[in-house]
Amino acid sequence: MSDDKLLNIGVCGVGTVGLAVIDIVNSQTAMLADRATCPVQLTHVGARREHVDHHYGDALVSRDVMDVARDPNVDVLVELIGGTTVAYDLIKLAIAEGKHVVTANKALIAEHGNELIALAETAGVQIRFEAAVAGGIPIIKVLRESLAANQITELAGIINGTGNFILTEMSTKGRAFDEVLAEAQALGYAEADPTFDIDGTDAAHKLVILSSLAFGIPLSIDAPVKQGINELTPADLEYAAALGYRVKHLGIARVSEAGVEMRVHPTLIPDNKQLASVDGVLNAVMVSGDAVGELVLVGPGAGGAATASSVCADVVDIARNMMGSGPALGVPATQLVAKPFIPAGDIASEWYVRLTAADRPGVMSDITHVLASHEISIESLVQKPPATGADEVPIILLTHLASESAMKVAMKEIMLLEEVHSEYALLRVEAFEH
Ligand code: HSE
């Protein structure tokens with residue numbers, strides 16, 4: 001780290017992810033400084049071509065990315081070029097120059113990770129690659145740190161965002177493969193050569209990394225059995241749906257006394273299973289540990305900002321480790337900032353209300369009138385038929401957004417209506433759409 005306690009980073013590669021990393025570093029300066037326990041500064045950018053519309057702030061710009069690895073001011077080299085040629089030479093040089101390394105390059109880690117990690121360990125520098133697997137999902141950290149007390153015997157997941165996006169659009173909207181692939185490329189999800197996304201290579205690279213972390217084995221690039229989504233036809237998706245299944249491209253790894261099994265392939269999943277409903281660019285990784293049981297992490301698997309989120313987290317992690325340890329609450333205790341808490345009564349929700357009322361004309365309109373007088377609008381309303389012999393009916397309604405205090409006052413008034421029983425249920429509805 002620089003003497004003045006700055007963490008200087010050099011970013012090589014200014015594609016979708018590189019630009020998103022630069023944007024976070026330049027726009028979230030104070031937040032990153034608190035979390036890294038020192039300012040994080042973009043010092044040097046390695047961009048092999050000129051891009052007139054790119055702005056890198058005060059950073060030095062080099063056309064030869066090796067200059068970034070040689071720059072004595074750079075503490076952490078962030079490799080976002082991709083591929084296994086220039087990126088390999090660059091990372092080797094950076095390690096030899098005593099730099100820490102962050103990369104999103106799954107092909108490189110799967111193919112050369114054993115060598116690069118050993119070199120980094122010998123050189124006493126850190127190498128991190130959270131963004132290499134499942135984009136914004138922090139699965140590497142979970143396997144490496146959070147599940148350290150578990151024997152992991154199995155993991156499975158949707159680990160290619162482009163492939164999942166294509167399968168989802170084809171199966172839910174009947175869109176054509178080529179058209180959806182072009183959209184995935186335009187959205188920045190696909191690899192530079194999208195063949196890797198559709199023939200299973202990208203998912204296989206990621207499975208190799210996950211398996212190494214989960215089972216404590218060397219990275220073994222040739223281990224996975226590999227089949228891609230390019231072998232599917234729209235008819236397969238339709239027939240599977242008719243049988244009650246969704247087709248997902250899965251990576252699966254298991255370990256037993258007999259050995260390790262690794263495979264990536266399109267798979268029929270019963271449509272009531274959790275993974276079957278992970279759609280679009282989302283990824284999901286399911287891990288089974290002997291102590292924790294089964295857990296599933298779901299989140300964006302590709303895209304500039306989501307992947308940059310993981311890259312920047314690695315940078316912060318490196319800074320924390322350099323300081324000896326990270327702060328227990330994410331930022332130093334002295335930097336915690338108190339914020340006002342919103343009183344429960346002001347927190348708005350949609351609401352479920354269950355009432356019981358006499359089965360008489362006008363009751364419903366009295367109830368809706370009270371709600372309207374508090375500007376609470378009704379989204380849906382159901383009146384159940386009375387039980388045999390009873391003259392009271394359950395009334396169920398869902399409201400649009402309303403504060404708890406408005407809702408409670410309205411309920412109090414509704415309870416004063418002669419035809420309404422005093423017992424009711426009031427529950428918050430959360431559609432997670434905000
Ligand atoms: N092309 C990759 C994907 C990018 O679609 O999953 C994230 O690794």
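1. With which residues is V78 in contact, leaving aside its neighbours within four places in sequence? In this predicted model, the contacts of V78 beyond those neighbours are I9, G10, V11, C12, V102, V311 and V315.

2. V78 also has a place in the largest nonpolar core, which holds 31 residues. Within this core, I9 and V78 touch the most other members. At least two residues of the core are supplied by each of β1, α1, α2 (29–36), β2, β4 (76–79) and α12 (304–322). Helix α12 gives the largest share, with 7 residues. As a general background, nonpolar side chains in soluble globular proteins tend to be buried together.

3. The strands deserve a separate remark. Six of them, in the order β3-β2-β1-β4-β5-β6, form an open sheet with parallel pairing. At its edges lie β3 (60–62) and β6 (127–128), each of which pairs on one side only. Helix α1 (residues 16–27) packs on this sheet and touches both β1 (7–12) and β2 (40–46). The direction of α1 makes about 150° with that of β2.

4. Strand β5 (residues 100–103) runs parallel to β6, and 2 bridges join the two strands. Opposite R128 in β6 stands V102. V102 is also one of the residues in contact with V78.

Technical notes
Residues are numbered from 1 along each chain as its sequence is written. This is a predicted model: local features need pLDDT of at least 70, side-chain atom pairs count only at pLDDT 80 or more; totals for chains, interfaces and linings use all residues. Side-chain values use heavy atoms; hydrogens and water are left out. Two strands pair if DSSP finds at least two bridges between them. Helices (H or I, at least four residues) and strands (E, at least two) are DSSP runs, numbered from the N terminus. Contact means heavy atoms within 4.5 Å. Axes are lines fitted to C-alpha atoms, for helices over the stretch in contact, and angles run from 0 to 180 degrees between N-to-C directions. A nonpolar core is a set of buried Ala, Val, Leu, Ile, Met, Phe, Trp, Tyr and Cys residues joined through side-chain atoms within 4.5 Å. Buried means under 20% relative accessible area, exposed over 50%, partly exposed in between (1.4 Å probe, protein chains only).
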